[in-house]
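User: I am new to this structure and would like to learn how to read its features. Please take them one at a time, with the general idea ahead of the case.

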Amino acid sequence: MLVKSYAAAVQGISATIITIEVNCSRGVQFFLVGLPDVAVKESHERIISALEINGYRFPSKRIVINMAPADIRKEGSAYDLPLAIGILAAAEQLNSSRLGDYLLMGELSLDGSILPVKGVLPIAIKAKEEGFKGFILPYQNVSEAAVVNDLEVYGVKNIKEVIEFFNEKRQLTRTTVDIQETFYERQQPFDYDFADVRGQENVKRALEVAAAGGHNLLMVGPPGSGKSMLAKRLPSILPPFTLPESLETTKIHSVAGKIGNNSSLMIQRPFRAPHHTISNVAMVGGGSYPQPGEISLAHNGVLFLDELPEYTRNVLEVLRQPLEDRVITISRARFTVDYPAGFMLIASMNPCPCGYYNHPERACLCSSGTVQKYMNRISGPLLDRIDIQIEIVPVPFEKISERSSQEASAAVRERVIKARMIQEERFREYEQVHCNAQMSSPLLRKYAAPDEKGLSLLKNAMERLNLSARAYDRILKVSRTIADLDQSEKIEANHLGEAIHYRNLDREGWGM
């Protein structure tokens, strides 16, 4: 008897429906075709054990299984459940009349328990698009899939529940998730707050500007000046997720297996801080079976690189293209996948190997030229993509010990949200532009053109401070954000002056 069950394969952050065709006929052989990997082929032994322990018999017949389309590689153990159900239906031990209405995914343990799988959210979205009535999956993944409306989602713990459901001996409990309650009412407080930071008002302001415009930022300062502490508090002032952003980010983390059991939508922007020993594949994604890298896991959030010069040159250079295009393409001989990579890059570094170049109190011990050599570990093209470059000095004792209250993140966040709302309205007609940092040259000329007084100031600054030509566009983008924070339609001289102040490393002679 020939029957069909349905599963899905995840490629990138999208899913493709896999049709599992099972034919039982006279004989004793077992064939599994359709480009399965080793883990899929090993499902044969897991299925036999799971069925026997739960009182069902694996058919003693010639079984041929085709996983279509056959040109897509099927990976992992998530196909155990649809394969087992298809085999039972083809052997007429299970009623197949409703099999075409449901998508099935799940890994089987030897006792028939169904274990969680990765990539559930994109699979659920695809199931709805393809018109499936329901989705049967591991109980631990059910909250994640249930955020998809108009799709019956059933979480199961054992294969016996699924068999009895199709044989109409059991009713499964449908799981529903209230998106409004999950997304809007479960906002959690942040672990870190700007109110904990003493001093460093200029750096807090730079982080506020970066958050308001989506700008990349580099902090340069000696050890103990608070670079990491400030970076960890940046998520607390970023605007909250929109629902589409949350869905897209959750899909990426679902594919990577980073969504916890019994979790649904992500409600806080990701903050990724990989160690400087990371490989370039781990950073951008890839591998034999491509997975999202750190830059994709930081999508719609923050990628924090602490001690930037300690990262290998290859790792830093692979960031250049994603910073511009906001997407990373992983190419293999048989296929190509695209992962989103729209992140804010926040980096920190010491100004020199000893860490005390330009320190107000301690002398730098580095030899002549060592500081510039240390800075040269970061290429000009990468530095060119960092809008805000700011020096940090240690906080004096008087600031550390003062008891006056500091401005909380919530107050800063309100200003950031207002600035982002202005930008959303400004770029409403441009699908790929959402904040000032993403403006192209034509948009800069349209929305960030300074007046005559501003042009004069900018010209004098570039000549007197020996700013590089590449700083010009960055200054205009940052000044547009500062103007938005001030609720100003025009870029004024004070906005340009503040933006110029944030280009410390472009000054000729810095580090010489």
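Analyst: Start with burial: a residue is buried under 20% relative accessible area, exposed over 50%, and partly exposed in between, using a 1.4 Å probe and protein chains only. This is a predicted model, in which local features need pLDDT of at least 70 and side-chain atom pairs count only at pLDDT 80 or more, while totals for chains, interfaces and linings use all residues. Residues are numbered from 1 along each chain as its sequence is written, and side-chain values use heavy atoms, leaving out hydrogens and water.

User: Is Ser348 buried or exposed?

Analyst: Ser348 counts as buried because its relative accessibility is 0%. Helices (H or I, at least four residues) and strands (E, at least two) are DSSP runs, numbered from the N terminus. Ser348 lies in strand E17, residues 344-349. Contact means heavy atoms within 4.5 Å. Not counting residues up to four places away in sequence, Ser348 touches Leu218, Met219, Lys227, Phe304, Leu305, Asp306, Glu307 and Leu308.

User: Which side chains of strand E15 are buried?

Analyst: The side chains of E15 (residues 327-331) alternate.

User: How many bridges join E15 to strand E16?

Analyst: Two strands pair if DSSP finds at least two bridges between them. Here 5 bridges join E15 to E16 (residues 336-340), and the two run antiparallel. Pro340 in E16 is the bridge partner of Val327.

User: Which residues does a cis peptide bond join?

Analyst: Ala68 and Pro69, with omega about 0 degrees. Pro69 lies in the loop between strand E4 (62-68) and helix H3 (80-90).

User: How are aromatic pairs read?

Analyst: A pair of aromatic rings is described by the distance of the centres and the angle of the planes. Rings of Phe, Tyr and Trp (its six-membered ring) pair if their centres lie within 6.5 Å; planes under 30 degrees apart count as stacked, over 60 as edge-to-face and the rest as tilted. The count by this rule is 9 aromatic pairs. Among them, Tyr102 and Tyr154 form a tilted pair, 6.3 Å centre to centre with 55 degrees between the planes. That pair links distant parts of the chain: Tyr102 is in strand E5 (residues 102-104) and Tyr154 in strand E9 (residues 152-156), 52 residues apart. Both Tyr102 and Tyr154 are buried.

User: Why is the pair of Tyr102 and Phe166 edge-to-face?

Analyst: The planes of Tyr102 and Phe166 are at 80 degrees, with ring centres 5.9 Å apart, so the pair is edge-to-face. This pair also links distant parts of the chain, as Phe166 is in helix H6 (residues 159-166), 64 residues from Tyr102. Phe166 counts as buried at 1% relative accessibility, and Tyr102 is buried at 2%. Ring pairs link Tyr102, Tyr154, Phe165 and Phe166 into a cluster.
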